[in-house]
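Dear colleague,

I am handing over a structure for you to look through, and my notes on what was found in it follow below. Please keep it open beside this email while you read.

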Amino acid sequence: MDVATPLTNRSGPGTNGAAPAISVRHLKMGYGKRVLLDDASFDVQRSEIMVILGGSGCGKSSLMKNIIGLYRPMVGDISIGGVSIVTTSSEERAKLQRSLGVMYQSGALFGSLNVLENVRFPLDQFTTLPLAHKNLTARMLLHQVEMAYAESLMPGELSGGMLKRAGIARAMALGCDILLLDEPSAGLDPITAANLDRTILTLRQSLGFTFVVVTHELQSIFNISDRAIMLDPVSRSIIAEGKPADLRDHSTDPRVRQFFNREPDKAAKTTGG
Amino acid sequence: MNHAAAGAASIVLEGRITAYTAGPVWQAALDTLANNPDRPVVVDASRVEYIDDVGIALLFDLVRQERPQGAKVEVHDLEPRFAALVGAYDPKDFVQPPKVRRHIGIFEHMGRATAQQLAYGEAMLVFLEDCAAAAWSTFRGRGTARWSEVLDIATEAGANAVPIVLLIGFLMGVIIAFEIGLVAQQFGAVIFVVNGVGVAMLRELGPLMTAIVFAGRTGAAFAAQIGTQKVNEEVNAITTFGLSPVQFLVLPRLIAATLMVPLLAVLADVVGIFGGALVMVGFGVSFVQFYNQLLGAVTLTDFVLGVVKAAVYGLAIAAIGCERGLATGAGATSVGLSTTSAVVTSIVMIVVIDGIFTIFTS
């Protein structure tokens with residue numbers, strides 16, 4: 001018996017397989033009159049793990065939300081697989097958003113569903129799979145993020161780290177090959193964080209997923225990322241782009257070196273006798 | 001059906017197997033296994049271009065099937081990168097079916113509801129004891145009352161509620177006067193409608209309608225505010241500062257509500273009676289006649305009773321709202337449940353308190 005399957009576009013509906021996974025051009029973003037980032041341009045290639053770095057409040061999460069299409073840039077364009085998420089119609093934007101797996105800082109699980117139902121939710125909404133198949137897929141995803149033991153718990157019963165891991169499992173449920181993770185390792189113990197790094201690398205290696213990761217965790221940055229961009233809240237620009245090890249060892253920018261070497265600001269000089 | 005090896009059935013997978021496309025493939029593959037229970041099955045994956053998590057679950061589901069020796073399922077020619085993912089799972093980890101939410105019967109439901117109400121009653125008594133202790137402590141000067149907070153809450157819960165209370169009170173006066181007036185007209189007793197409107201507004205409807213509006217508007221807000229503070233661990237922060245959440249969060253709300261509801265009720269009384277007077281003009285009773293009849297119909301006791309009732313309603317609504325807020329569990333759903341519970345319980349308690357007042361003052 002030949003069980004054939006129809007072909008689908010790997011990058012999700014409406015995208016161009018040859019284009020970069022994500023392309024940001026001359027982006028200016030912020031809130032109201034407050035500009036967080038001005039004239040930023042970068043690409044994220046397919047199967048690349050790119051990390052967005054920067055101090056607290058520099059706009060890392062906001063950049064991610066602009067990429068997802070939740071916020072509209074003040075100026076500039078953002079394309080997903082060659083299709084602009086800024087100028088496209090709302091229907092097409094919804095399709096593009098479905099092709100992105102997103103894990104928010106808090107996990108953003110639905111409070112009225114248990115963990116398994118949360119992970120199954122995208123499959124319930126967008127596939128015709130029978131319940132048993134959806135359950136198996138969701139349980140395997142939970143297994144991947146070491147959350148199998150918590151499948152029947154409600155989000156209110158989970159710790160911050162557990163919420164994040166369940167959020168990652170849900171982000172992967174539809175097989176989106178572009179995953180955006182907002183501080184996935186924050187609040188996790190070192191072993192779980194290392195396991196999560198390994199999961200990210202495995203998914204990239206096996207399934208060719210593209211990752212955009214917002215994180216502060218230096219160890220995680222060196223473990224997983226191919227490339228990093230660093231945002232600066234003062235100049236409101238990308239002040240560094242490259243491999244994290246190169247940035248740490250060879251950057252001439254003191255802000256970049258300070259970040260990678262985890263140095264405190266210089267203490268104010270004291271006077272006196 | 002292909003026969004890849006002697007006696008073996010074959011399933012050929014090809015193309016891209018993803019969440020959107022795996023459904024029919026998965027079912028057809030399982031059908032093939034079911035139709036060949038005693039034969040080995042070879043899954044030819046050499047033509048698979050790409051599989052996602054659902055595709056991996058499909059392959060895992062096929063190889064984990066319990067079948068007789070010699071009738072196993074083998075996956076051939078799957079790209080090593082995909083095979084590694086399928087091989088990463090142990091079938092034993094997925095033997096237990098997921099727990100489904102158990103639907104409880106009516107008796108269990110009633111039992112649980114009764115136990116919940118008893119626990120709630122007990123928690124409420126403890127809470128009221130804490131409130132009384134906090135109030136006593138403040139009264140004796142040992143605790144700090146946050147009067148600026150009381151003023152803010154009173155402004156929001158009281159002053160900002162004036163328009164809605166005026167509207168509801170006015171409409172209540174109009175409705176009662178009109179309904180009673182139509183009946184009284186048939187007996188030539190229109191003038192006594194004034195008695196009905198006056199007594200009903202002062203003793204019952206003014207405080208009652210004000211309390212219901214207050215429960216929906218402010219009781220719910222108290223539960224949601226404190227519930228969110230509980231979820232965000234602000235209540236824990238207050239406790240670890242050595243402060244009492246009851247003193248810090250609850251007492252200002254109790255004071256503000258106990259002061260504001262009577263004032264709002266007086267406004268409702270006034271506009272309700274005014275609304276009744278307007279309607280009575282239509283029945284041939286002038287404002288002067290209405291006023292004179294009203295003075296003879298209602299007493300100061302009616303007015304004071306209504307005000308006292310309103311104060312008790314306000315205290316009860318605030319106490320219930322705050323208690324529900326402090327009892328909030330975790331997550332946004334819990335805040336919603338607390339808010340709903342606060343409003344429903346408040347309205348029930350308003351009616352119960354009204355009944356108690358009626359029994360003891362009639």
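Two residues are taken to be in contact if their C-beta atoms, placed from the backbone, lie within 7 Å. Helices (H or I, at least four residues) and strands (E, at least two) are DSSP runs, numbered from the N terminus.

This is a predicted model, in which local features need pLDDT of at least 70 and side-chain atom pairs count only at pLDDT 80 or more, while totals for chains, interfaces and linings use all residues. Residues are numbered from 1 along each chain as its sequence is written, and chains are lettered from A and ligands numbered from 1 in the order in which they are written.

With that in place, consider a helix pair in chain B. The axes of helix H6 (residues 162-186) and helix H7 (residues 193-231) of chain B come within 10 Å and cross at roughly 145°, where axes are lines fitted to C-alpha atoms, for helices over the stretch in contact, and angles run from 0 to 180 degrees between N-to-C directions. Among the residues of H6(B) that meet H7(B) are Ile164(B), Ile168(B), Met172(B) and Ile176(B), and the H7(B) side includes Val197(B), Met201(B), Leu205(B) and Met209(B). This contact is made by 15 nonpolar, six polar and no charged residues, with Ala, Val, Leu, Ile, Met, Phe, Trp, Tyr, Cys and Pro counted as nonpolar, Asp, Glu, Lys and Arg as charged, and the others, Gly among them, as polar.

Leu167(B) also has its place in helix H6 of chain B. Is Leu167(B) exposed, partly exposed or buried? Leu167(B) counts as partly exposed because it has 13 C-beta neighbours inside 10 Å; a residue is buried if 20 or more other C-beta atoms lie within 10 Å of its own, exposed if 12 or fewer, and partly exposed in between, with C-beta atoms placed from the backbone. Leu167(B) and Val271(B) are 104 residues apart in sequence, yet 8.3 Å apart in space, C-alpha to C-alpha.

Turning to how the chains meet, 41 residues of chain B are in contact with 37 residues of chain A. The elements that give two or more residues to the chain B side include strand E1 (9-17), helix H1 (22-35) and helix H12 (332-361) of chain B. That side has 24 nonpolar, nine polar and eight charged residues.

In chain A, helix H1 (residues 60-68) has several buried residues, among them Leu63(A), Met64(A) and Ile67(A), and H1(A) is followed by Gly69(A), whose phi is positive, near 95°.
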